[in-house]
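Welcome, and thanks for opening the viewer. Keep the selection tool ready, and we will go through the model stop by stop.

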Amino acid sequence: MSEYILDVTDVDKNFGGLQALSDINLRVKEGTVHAIIGPNGAGKSTLLNVIVGRLAPSRGRVLLGDQVLTGKEPHEINQLGVARVFQTPEIFPELSLLQNVMVPAFAKREGIFKMNFIKSLFSENEVREHAEHLLEDVGLIDHKDHLAGSMSRGDKRRLELAMCLGQHPKLFLLDEPTAGMARHDTNRTIDLLKRIKERGMTKVIIEHDMHVVFSLADRISVLAQGAIICEGTPEEVRNDPRVKEAYLGGEAE
Amino acid sequence: MSNTKIVSPKKDMIFMAILSAVVLTMPLWLQPFGAAYPDLMQKFMIFGIFAIGYNILFGLTGYLSFGHAAFLGVGSYTAVWSFKLLSMNVIPALIFGTVLSGLFALAIGFVSLRRSGIYFSILTLAFAQMSYNLAYSVLTPITNGETGLQLEQADPRVLDRMSGIVADGSLPTPNLFGIEGIGYSGFYICAALMLISFFIYLRIFRSPFGLKLRAIKSNQNRMGYTGFSTRPYLMTAFVISGMYAGLAGSLLAVTDPLAGAERMQWTASGEVVLITILGGVGTLIGPLLGAGIIKYFENIFSAFNDTVLLNAFSFLPDWLAHPVASLVGLFVGEGWHLTLGLVFMLIVIFLPGGIMEGISRLSRLVTNRGKSDSHENKEKEQTSAGEV
């Protein structure tokens, strides 16, 4: 087992003539929070999509521990232990909150496919209690029987976090977990993410909000125009002139 | 009851008991509606099976198949062949009909499920029309083409002859160890099978498997990132619903042992879509209600003809009675599909959740009048089309 849980080596991604990612190298240590920041269109989401198997890289490879992720389907990558929350929450709007959290729990237990209709959901006590526990964790237990689609955006985001947490992923990818949230919602989410961090879960987080980044990240990579221009501790990144330039002297302060 | 609740098996057993009682006493309570004759009640059961099976696919996964009549047809042909070659006993006919339809669904599903949405619908439609045309022309040795596949005196019926049952004089009727597949006994055979099918269907709805199918309908993208491969799930749902259609097709042959190609035509596929939407897509008993209502009204409306209409409007002056009768005549008899189309349009526009949505709206209206303060809470729960 290598010392890095995520190992992205020499990854390129071209869309026709556009080079979205060039020569990306990213190593994330187990149990740390690694933030990827950068201006819009820098290729942050593309990089995430390459890691989870939504996009195939044009060159290079991605390792999770010792396992090669490149060329695998998203569901296979998830089964290996990579969970992801999306920029816009991807949940099951027509199911109740409780059911939303139960589905990933079944994935964890049953693998890619299992046909089982002898047992009723009602008697799946273990899964249900697990799901209720998760909802309690993110503060949504009071709404467990409500339809997920009827919740606010912040609640949907927390629900999605609970769904992913229930799978105990080795690597947790978060694409702008606080985008479009009100300030108090953002703070709640930061608290939640800090608590998760204490459990030793490795996270890669894409974020625009520097308040979030600097309160969570152990290391930061700065992406601009498809390339990593700087990597280091928050302190190093904050003082790096190239970063200031990429952000036009703006947000990084 | 809402879709979001996890229902206890005990409640389901009570529900099953009530449903069984309602179904088995149909010959009594359908009397006042003039629908208590065996042929029609058999149709209620058979199309009920067809529709609940279809609902496993369409209601749970959201995949709209326009080719389910093909499975119905395969079931019918297989059952008639089983009567001809093996035995007039319905058991082999039903088993072969169901299994063969399942295999057929496996093949069609394998190709069609590579696409989703409208492309999936078109692929299934194309397959069904292909099957129809094959049955109509190329496969005449198997299907007897235009005339339809029928029983004959000289059929081998190997198993029957071995056990010394020989048809003398008239054509033999399908039977379950002597219980005939026609008349009231035929209805009870269909009803028993419908209840068994419904029980399995209920279990699927309540199981983790059913939850995953609904999750696929709700957000297939998330399903992938949750570690599920959606294809095998869709495939299983498709094959199960194909087998339900095959069972329904075999039962059609049990109650009336002939099979024609028109059973596979796209209008037949469209009918089951209509039944399911009218009753309530994704609800438990919606498809059963839809099947009952459509078959009932088809029966009533088709019976009207010009003479009956003229009699009905005889209270009008002569110069008015004729035009009114001929105008109304457009909507009944042969033209009853026009009425069906209108009703269908009204349902889709005003009650997209079908009859079941109507029922749950009504019941909410009644309960909310009692306690208007809990209104806000109710709103948030958004109890969609009642599940039971």
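Start in chain B and select helix 10, residues 208–218, where 10 of the 11 residues are buried. Here a residue is buried if 20 or more other C-beta atoms lie within 10 Å of its own, exposed if 12 or fewer, and partly exposed in between, with C-beta atoms placed from the backbone. Helices (H or I, at least four residues) and strands (E, at least two) are DSSP runs, numbered from the N terminus. Among the buried residues of this helix are Phe209(B), Leu213(B) and Ile216(B), but also Lys212(B) and Arg214(B).

A note before moving on: this is a predicted model, in which local features need pLDDT of at least 70 and side-chain atom pairs count only at pLDDT 80 or more, while totals for chains, interfaces and linings use all residues. Residues are numbered from 1 along each chain as its sequence is written, and chains are lettered from A and ligands numbered from 1 in the order in which they are written.

What covers the buried residues of helix 10 of chain B? Show helix 3 (97–110) of chain A, then helix 3 (38–61), helix 9 (183–206), helix 11 (220–224) and helix 12 (230–255) of chain B; the cover includes these elements.

Next, select Ile49(B). Beyond its neighbours within four places in sequence, Ile49(B) is in contact (C-beta atoms, placed from the backbone, within 7 Å) with Leu193(B), Met194(B), Ser197(B), Tyr244(B), Leu247(B), Ala248(B) and Leu251(B). Ile49(B) is also one of the residues with the most contacts inside the largest nonpolar core, a list that includes Phe50(B), Val101(A) and Ala162(A); the core has 171 residues. Such a core is a set of buried Ala, Val, Leu, Ile, Met, Phe, Trp, Tyr and Cys residues joined through C-beta atoms within 7 Å. At least three of its residues come from each of domain 1 (1–81 + 169–253) and domain 2 (92–168) of chain A, with bounds from an automatic or database domain assignment.

Now colour by chain and look at the interface. On it, 33 residues of chain A are in contact with 33 residues of chain B. Helix 2 (74–80) and helix 3 of chain A each supply at least two residues of the chain A side, and helix 3 gives the most, with 6 residues.

Hide chain B for the last stop. Chain A has 9 helices and 10 strands, and 45% of its 253 residues are buried. Its C-alpha atoms fill a box of roughly 60 × 40 × 35 Å along the principal axes.

Select the open sheet of 4 strands in chain A, with order 2-1-4-5 and antiparallel pairing; two strands pair if DSSP finds at least two bridges between them. Strand 2 and strand 5 (67–68) are at the edges with a single partner strand each, so one side of each is left without a neighbour in the sheet.

Zoom in on strand 1 (residues 4–15), which 8 bridges join to strand 2 (residues 18–29) of chain A. Lys13(A) has Leu21(A) as its bridge partner, and Phe15(A) has Leu18(A). In the hairpin between these strands, Gly16(A) takes a positive phi near 60°. Finally, strand 1 pairs with strand 4 (residues 59–64) of chain A over 5 bridges, where Val8(A) stands opposite Val62(A).

Technical notes. Contact = placed C-beta atoms within 7 Å.
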